[in-house]
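Work through the exercises below with the coordinates open. Each task is followed by a stepwise solution.

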Amino acid sequence: MTAHSTYHRPENTALALLLALAGMTAFTPIFAAGKMADGLLPVAVLVWLRFLGGALTILTVAVVRRVPLTRRFSPLWHLHLLRSFCGVGGLACSIYAASYLPLADATAIGLTKGIIAIVLAGIILKEVITGRHWVAGSLCAIGAYLVVRSADSGGNYGDHAAAGVAAALLAAVFMALEALIMRYIAQREDTVTILAYVNVFAAVLLSGPVVWLILSEDLSFSHIATYAWMGPLAIIGQSLNISAYRRAGAATLAPVYYSSVLMSAAFGFAVWDEVPAPVAALGAVLIVAGGAVLTLPNPLRGRRRVS
């Protein structure tokens, strides 16, 4: 039995959808950490806390489950390292963007990763991209664009708004690349190994510079400890995402992740009283429509078989 057959799961779009939605729900407060910190902690420290906490959490899980990580050198270590770079870059840019833009707007801009992932999945992973993928991706992209445009009626977001938009777009590129890497390794290695490598790599890469930053800026330990929840929550989200990618291709899941803008809008309203404009509501409807096009059964397929 090959490694691919061991960790691959039968294609199940509906289950993959639920797993992906649950994973994105876990990551919503993580992306909003910069706005919650309100300048008390730099973005670099928040990113480090997320990956350090994630590394400690997954290593604890490995000990409890008796997974011999020290004896299991991954032949895909270079992909894990590349994914750690993408993960750090994507999270840092997302947190920065959400610090200066409404959470829903920052999330919507970042959702251009879906279109990027669809294109890259066809080019790099040679996945079959059907007309439904393009229709779903287009509807979701238009919906996300309308959500972003709704910011025009929400007032001035300050001098850093342009930088926030640029950061959100850069985050989309990082996350699209990470999605492709995850799809490849998720079918070849177990969840604990995958999470251990990416979190430990990222934590080690960031520890030196961030510890120096903490000491030089004399940051409060109590403020740092407040965000210790980011690591364990991220492990839960990553585990759900890996399970999703084992059951559906990157091109299939990419448009589905557009629904995360709805979660961000709800979170932003609950915490900061951010109310979506009517244009944003229309965009949300298009996003849901895109997900429906992707996941609902295709009536034409059955007719073709009958004929």
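Helices here are DSSP runs of H or I with at least four residues, numbered from the N terminus. By that rule Pro 232 lies in helix H12. The model is predicted.

**Exercise 1. Overall make-up**

Task: State how many helices and strands the protein has, and what share of its residues is buried.

Solution: 
- Step 1. The protein has 16 helices and zero strands.
- Step 2. Of its 307 residues, 50% count as buried.
- Step 3. The accessible surface is about 14400 Å², and carbon and sulfur atoms hold 69% of that surface.
- Step 4. Take contacts between residues at least 6 apart in sequence; 92% of them join residues at least 24 apart.

**Exercise 2. Packing of H2 and H12**

Task: Describe how H2 and H12 pack, and sort the residues of their contact by type.

Solution: 
- Step 1. Two packed helices are described by an angle between axes and a distance between axes.
- Step 2. H2 covers residues 13-31 and H12 covers residues 230-245; the angle is about 160° and the axes are 8 Å apart.
- Step 3. The cut-off for roughly antiparallel is over 145 degrees, so H2 is roughly antiparallel to H12.
- Step 4. The crossing of H2 and H12 is left-handed.
- Step 5. The contact of H2 with H12 divides into 14 nonpolar, five polar and no charged residues.
- Step 6. On the H2 side, the residues include Leu 19, Met 24, Phe 27 and Ile 30. On the H12 side, Met 230, Leu 233, Gln 238 and Asn 241 are among them.

**Exercise 3. Pro 232**

Task: Is Pro 232 buried, partly exposed or exposed, and which residues distant in sequence does Pro 232 touch?

Solution: 
- Step 1. Pro 232 has 34% relative accessibility, so it counts as partly exposed.
- Step 2. Leave out residues up to four places away in sequence; Pro 232 then touches Gly 53 and Thr 57.
- Step 3. Pro 232 and Phe 51 are 181 residues apart in sequence, yet their C-alpha atoms are 9.2 Å apart.

**Exercise 4. Ser 94 and Ala 172**

Solution: 
- Step 1. Ser 94 lies in H5, residues 77-100. Ala 172 lies in H9, residues 161-186.
- Step 2. The cut-off for buried is under 20% relative accessible area. Ser 94 has 11%, so it is buried. Ala 172 has 0%, so it is buried.
- Step 3. Beyond its sequence neighbours within four places, Ser 94 contacts Phe 31, Ala 171 and Met 175.
- Step 4. With the corresponding neighbours left aside, Ala 172 contacts Gly 110, Thr 112, Lys 113 and Ile 116.
- Step 5. Ala 172 and Cys 93 are 79 residues apart in sequence and 8.8 Å apart from C-alpha to C-alpha.

Methods:
Residues numbered from 1 in each chain as written. Predicted model: local features only at pLDDT ≥ 70, side-chain atom pairs only at ≥ 80, totals over all residues. Heavy atoms only, no water. Axes fitted to C-alpha atoms, helices over the stretch in contact; angles between N-to-C directions. Helix = DSSP H or I, 4+ residues; strand = E, 2+ residues; numbered from the N terminus. Parallel < 35°, antiparallel > 145°, perpendicular 65-115°, else oblique. Left-handed = near helix turned anticlockwise from the far one by under 90°. Contact = heavy atoms within 4.5 Å. Nonpolar A, V, L, I, M, F, W, Y, C, P; charged D, E, K, R; others polar. Buried < 20%, exposed > 50% of the residue type's maximum accessible area, 1.4 Å probe, protein only. Areas by Shrake-Rupley, 256 points an atom, 1.4 Å probe, with all protein chains shown as cover.
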